[in-house]
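Student: Please put the model up, and then let us work through its fold, its core and its ring pairs.

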Amino acid sequence: MDTKNYFNDIKSVQDILRKDSLQEYYRDTILGFTILKRLIGLLSDTQPAVDKAFAAMKKAGVIDKDKLLSESGHGYYNVCKMTFDDLLSDDQKYFSNTKKMIEGFSDNVTFIFGEKGLDLVKTAKALNDKGALYGVLNKFKSLDLGAMDNAEMGKLFGQLICMVYGTVENGQNWTPSDFVELLTKLLLAEGCDKLKSGFNYVSLLDNCVGSGQLTSHFEKTVTAMNPLNNVVVYGQDNSDLSIAICKAEQLMIGQKAENFVVADTLKEDPFPNDDFDYANDTVVCGLTDELNIFYVLNLFKKENKNIF
């Protein structure tokens, strides 16, 4: 499947936003509705089972979230009983239907769409108030993102990340793709011959994960080296929005969203009992030498393998 057409279709949403003076919602609209369409699309095969189980639970008065996850077969679920097409079924309910779908997800997804994340309900309300929500929903309705395989979806989402963050100051939330590629090559420059054959469990921790480009590129690169490699990535960042975007990408490509957490890199270790094969750590400049030294010493104490 060629992701170029999907990318261009999603990019064209900016024309709707520009027409209605909604440029401030550009990032949250592009990423938010891409994530929404993908996650709902992935659930289509198992949604009837989830709906049946949820109805029985409501009747019994006890909601078993673990059971709903099991029925879903994914790392999340939705109980709104609507498809994406249903969002456009009533011209008086574009916003209320969208809000119902967003709020129908399991807790790990409501964090992504919540006030600390992409705040998609607020964005949908702003679009609706300007008469632009129908155009955005209709644009995404034609995109069968649920049918894309994980590699294709990861590629498309990476392109969208670069597009929406490409205009910000480097290092703020986004790192240029060529620099990400360089970091990955440096991480894999030595001691990686074993990854080229056989089955290998490979773990990476990015302590300043940002928008997650390095973890995504690392995963793709190591898998391309040897399809038998089982790559598991972890990340932390003190930005709720950054972690929300990372969690979304992991769910969209069938990985573990819980491996990405909000934590202050210089003060917290959210994975105290885990060891990692590779780590990317960017020591924050401008802080006191004591803080930087404390951070580096603890880093080398914890991880004594491939560190950049």
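What follows is a set of questions and answers on this predicted model.

Tutor: Residues are numbered from 1 along each chain as its sequence is written. In this predicted model local features need pLDDT of at least 70 and side-chain atom pairs count only at pLDDT 80 or more, while totals for chains, interfaces and linings use all residues, and side-chain values use heavy atoms, with hydrogens and water left out.

Student: How many helices and strands does the protein have?

Tutor: Helices (H or I, at least four residues) and strands (E, at least two) are DSSP runs, numbered from the N terminus. On that basis the secondary structure comes to 14 helices and five strands.

Student: What percentage of the 308 residues count as buried?

Tutor: Buried means under 20% relative accessible area, exposed over 50%, and partly exposed in between, with a 1.4 Å probe and protein chains only. Of the 308 residues, the buried share is 49%.

Student: Which residues have the most contacts inside the largest nonpolar core?

Tutor: A nonpolar core is a set of buried Ala, Val, Leu, Ile, Met, Phe, Trp, Tyr and Cys residues joined through side-chain atoms within 4.5 Å. The largest has 60 residues, and helix α3 (residues 26-42) gives the most to this core, with nine residues. Another core, of 18 residues, lies apart from it and includes Leu183 and Val222. In the largest core, the residues with the most contacts are Phe33, Leu36 and Phe105.

Student: Which residues does Phe33 contact, leaving aside its neighbours within four places in sequence?

Tutor: Contact means heavy atoms within 4.5 Å. With those neighbours set aside, the partners of Phe33 are Asp28, Thr98, Leu120, Ala124, Leu127, Leu133, Val136, Leu137 and Phe140.

Student: Is Asp119 buried or exposed?

Tutor: Asp119 lies in the loop between α7 (107-113) and α8 (120-129). Its phi is near 50 degrees, a positive value in a residue other than glycine. Ser21, in the loop between α2 (13-19) and α3, also has a positive phi, of about 55 degrees, but Ser21 counts as partly exposed at 49% relative accessibility. With a relative accessible area of 19%, Asp119 is buried.

Student: Which residues of α4 are buried?

Tutor: Helix α4 (residues 47-60) has 14 residues and reaches 20 Å from its first C-alpha to its last, close to the 20 Å expected at 1.5 Å a residue; the expected span is 1.5 Å times one less than the number of residues. What covers its buried residues includes α5 (65-72). Those buried residues are Gln47, Val50, Asp51, Ala53, Phe54 and Met57.

Student: How many residues apart in sequence are the parts that the pair of Tyr76 and Phe105 ties together?

Tutor: Rings of Phe, Tyr and Trp (its six-membered ring) pair if their centres lie within 6.5 Å; planes under 30 degrees apart count as stacked, over 60 as edge-to-face and the rest as tilted. Tyr76 and Phe105 form a tilted pair, 6.2 Å centre to centre with 45 degrees between the planes, and both residues are buried. Because Tyr76 lies in the loop between α5 and α6 (94-103) and Phe105 in the loop between α6 and α7, the separation of the parts they tie together is 29 residues.

Student: How many disulfides are counted?

Tutor: A disulfide is a pair of cysteine sulfur atoms within 2.5 Å. Cys80 is buried, with a relative accessible area of 5%, whereas Cys162 is partly exposed at 23%. The disulfide count is zero.
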